[in-house]
Amino acid sequence: MNQTDASTVRTGAHRTIFLPSLAVAATWGIVYLWAVTREPALPAIAAIALVIEAVVVPLLFIHAYLRARVLRVEAGDGRLMAVSGFPVRQRIDIAFDDIAVAQVRRAPAQRFFGGGALALITRQGKRHLIADLADADAIAAAINNAIRRNGAA
């Protein structure tokens with residue numbers, strides 16, 4: 001988490017953004033080992049696994065890396081500003097007054113490694129999900145605290 005002052009909280013991508021790529025690499029590595037240790041060996045399946053490991057897995061890692069470079073969220077000055085997505089960028093700029101609730105959602109791997117997704121519901125009922133954040137808790141807390149302060153005022 002980065003804090004520039006008491007009212008602004010910033011965060012970016014968490015390392016769990018790479019977990020799907022690692023899962024694909026591990027799965028096809030196991031498929032390759034299984035194919036070459038069969039009697040008789042299964043060269044077609046082994047070749048498919050090698051192609052996936054050589055072409056698809058690096059593309060998945062590059063995509064995750066580029067998503068991580070783009071992902072930024074800032075909550076401060078009464079607004080939430082977020083940029084996410086690759087190759088198509090999505091920009092979110094919402095006033096805290098327009099947000100009904102901010103929640104943090106976590107997949108099982110994110111519970112173990114950290115990170116999470118910021119789920120927003122606006123007062124108009126629109127939903128936003130910003131996945132793979134390093135410190136989604138701090139952003140959600142800043143939004144919810146601002147909502148509570150504005151509601152009490």
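User: How many salt bridges does the count come to by this rule?

Analyst: Four. The rule asks for a side-chain nitrogen of Lys or Arg within 4 Å of a carboxyl oxygen of Asp or Glu. This is a predicted model, where local features need pLDDT of at least 70, side-chain atom pairs count only at pLDDT 80 or more, and totals for chains, interfaces and linings use all residues. Residues are numbered from 1 along each chain as its sequence is written, and side-chain values use heavy atoms, leaving out hydrogens and water.

User: What makes Glu-74 and Arg-10 a salt bridge?

Analyst: Their N to O distance is 2.9 Å. The limit is 4 Å, so the pair qualifies. Glu-74 sits in strand β3 (residues 72-76) and Arg-10 in strand β2 (residues 8-12), 64 residues apart. Strands here are DSSP runs of E, at least two residues; helices are runs of H or I, at least four; both are numbered from the N terminus.

User: Why is Arg-10 called partly exposed?

Analyst: Its relative accessibility is 35%. Buried means under 20%, exposed over 50%, and partly exposed lies in between (1.4 Å probe, protein chains only). So Arg-10 counts as partly exposed.

User: How do you know that Arg-106 and Asp-137 form a salt bridge?

Analyst: Their closest N and O atoms are 2.5 Å apart. That is within the cut-off, so the name applies.

User: What does this pair tie together?

Analyst: Arg-106 lies in the loop between β6 (99-105) and α3 (108-113), and Asp-137 in helix α4 (residues 136-152), so the pair ties together parts 31 residues apart in sequence. Arg-106 is partly exposed at 30%, and Asp-137 is partly exposed at 38%.
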